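Welcome! Take a moment to look over the model, and then we can walk through it together.

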Amino acid sequence: MTAPTMDEAARVFADPLAYADEVKLHAALTHLRTNEPVAWVDVADYRPFWAITKHADIMDIERANTLFTNSPRPVLATAEGDEQQAAIGVSTLIHMDDPQHRAVRAIGADWFRPKAMRALKVRIDELAKRYVDHMVEAGPECDFVQEVAVNYPLYVIMSMLGLPESDFPRMLHYTQELFGNDDAEFQRGTSKEEQMSVLLEMFQYFNELTASRRASPTEDLASAIANAQIKGEPLSDIDTVSYYLIIATAGHDTTSAVISGGLQALVENPDQRERLRANMDLMPLATEEMIRWVTPVKEFMRTAQQETTVRGVPIAAGDSVLLSYASANRDEEVFDDPFRFDVGRDPNKHNAFGYGVHFCLGAALARMEVNSFFSELVPRLESIELAGDPQHISTIFVGGLKHLPIRYSLK
Ligand code: HEM
């Protein structure tokens, strides 16, 4: 493939189709890392921004969380999308900065700490087994993404929130529409009104949840959020709904993308699959490698509060920077042979969960889900191959495979 021009390379961030073509995407990101690691991107429909593609620069920016804030532009959206979100007033953890961020994050934090995770492990192992058993029933062929990968993490996070199982399909549909709003197969429609209606319906659903948990508190995460107080005051309705929204969405598509992308990597690298099967003690390292390999959260953004520099490039106060985790996790200065999938990679300093004060709240949960699933699957796999072409979702934010047809035999 010929090297992209600088302009073509920088456009990938605002092109939903670019993330669906991994070869083209990584050609562009590698080109930027090598030639212009702090690149000004100015494309139609988007407010301009700096694309940051080196791992070290992303870590530095995330560390400097008062100089580079999440507000007012935490993720890349079109200028129109930015305005609509501001009008609705969505205010999740990723939209906030300290001190508000710290206080709000503390409300959910205990639910994701190692102690809480240990208590969940038996349940997650059971669910992993249930979904691998489902593969046996569905076999010898299935679309792994739609039959397994999207359902298992959804089940885990909805159970933690305390939602009834009868609502899971509806939540699955909402999150797919929300993250798939750039994908013709999943989007509700092409107009902004149709796309925003997904968010509004989720708001309504969650508002009802808040009311019911306030009226009769229960022992679940939804109740902890609905009844939390900061300085003696409950969260506002919009903050409460936003909390549910980030837990439900962040806790679902990300992990399912790692599970399906991780399986694809094992199918395409039989030597690594055999290596893992022969030494299941590698599972924690293999889990990290799958997370690095897939990097389902492609980017987050920050806004400079004062004039500064990144890698010597002047950044003006008010400029936005896009942190390309997809690029950082293939940075040849950090990873030995970054395009090799290596289930024993150690060290593996990927930043797929971000870094600093916004470091992914659900990282321990995500790791446990991936680990439990493959710990169940890999020893039972007798054979596995692709039964069609894997397809990626079109996105500029969170995503991975949307179809992974496989043929397999399982014990
Ligand atoms: C492999 C799966 C996952 C990946 C790759 C991932 C990635 C990320 C990233 C990159 C961030 C932003 C970090 C930053 O700005 O420095 C984040 C934040 C967050 N994630 Fe995850 N995530 C995953 C799974 C989960 C799960 C299972 C949950 C469960 C609820 C979750 C909940 C959150 C929340 C609440 C935040 C906002 C934290 C804050 O702003 O303080 N994530 N995640």
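Let us begin with arginine 302, which touches Ile61, Glu62, Phe68, Thr69, Asn70, Arg73, Asp319, Ser320, Val321, Leu323 and His358, leaving out residues up to four places away in sequence; contact here means heavy atoms within 4.5 Å. Before going further, please note that this is a predicted model, in which local features need pLDDT of at least 70, side-chain atom pairs count only at pLDDT 80 or more, and totals for chains, interfaces and linings use all residues. Residues are numbered from 1 along each chain as its sequence is written, and side-chain values use heavy atoms, with hydrogens and water left out.

Arginine 302 sits in strand S7 (residues 299-304); helices (H or I, at least four residues) and strands (E, at least two) are DSSP runs, numbered from the N terminus. With a relative accessibility of 3%, arginine 302 counts as buried. Buried means under 20% relative accessible area, exposed over 50%, and partly exposed in between (1.4 Å probe, protein chains only). Arginine 302 and asparagine 65 are 237 residues apart in sequence, while their C-alpha atoms are 8.7 Å apart in space.

Next, find strand S12 (residues 391-392), where glutamine 391 lies. Glutamine 391 is partly exposed, at 38% relative accessibility, whereas histidine 392, with a relative accessible area of 18%, is buried. Histidine 392 is also in strand S12. Beyond four places in sequence, glutamine 391 contacts Leu401, Lys402 and His403, and the contacts of histidine 392 include Tyr19, Asp183 and Gln264.

Now for the charged pairs. Side chains of opposite charge can pair when their charged atoms come close. Counting a salt bridge as a side-chain nitrogen of Lys or Arg within 4 Å of a carboxyl oxygen of Asp or Glu, the model has 27 salt bridges. One of them joins glutamate 332 and arginine 33, at 2.8 Å from N to O. Glutamate 332 is in the loop between helix H16 (325-328) and helix H17 (363-380) and arginine 33 is in helix H2 (residues 22-35), so this pair ties together parts that are 299 residues apart in sequence. Arginine 33 is buried, at 4% relative accessible area, while glutamate 332 is partly exposed, at 40%.

Another salt bridge links arginine 407 with glutamate 385, their closest N and O atoms being 2.6 Å apart. Here arginine 407 belongs to strand S14 (residues 405-410) and glutamate 385 to strand S11 (residues 381-386), 22 residues apart.
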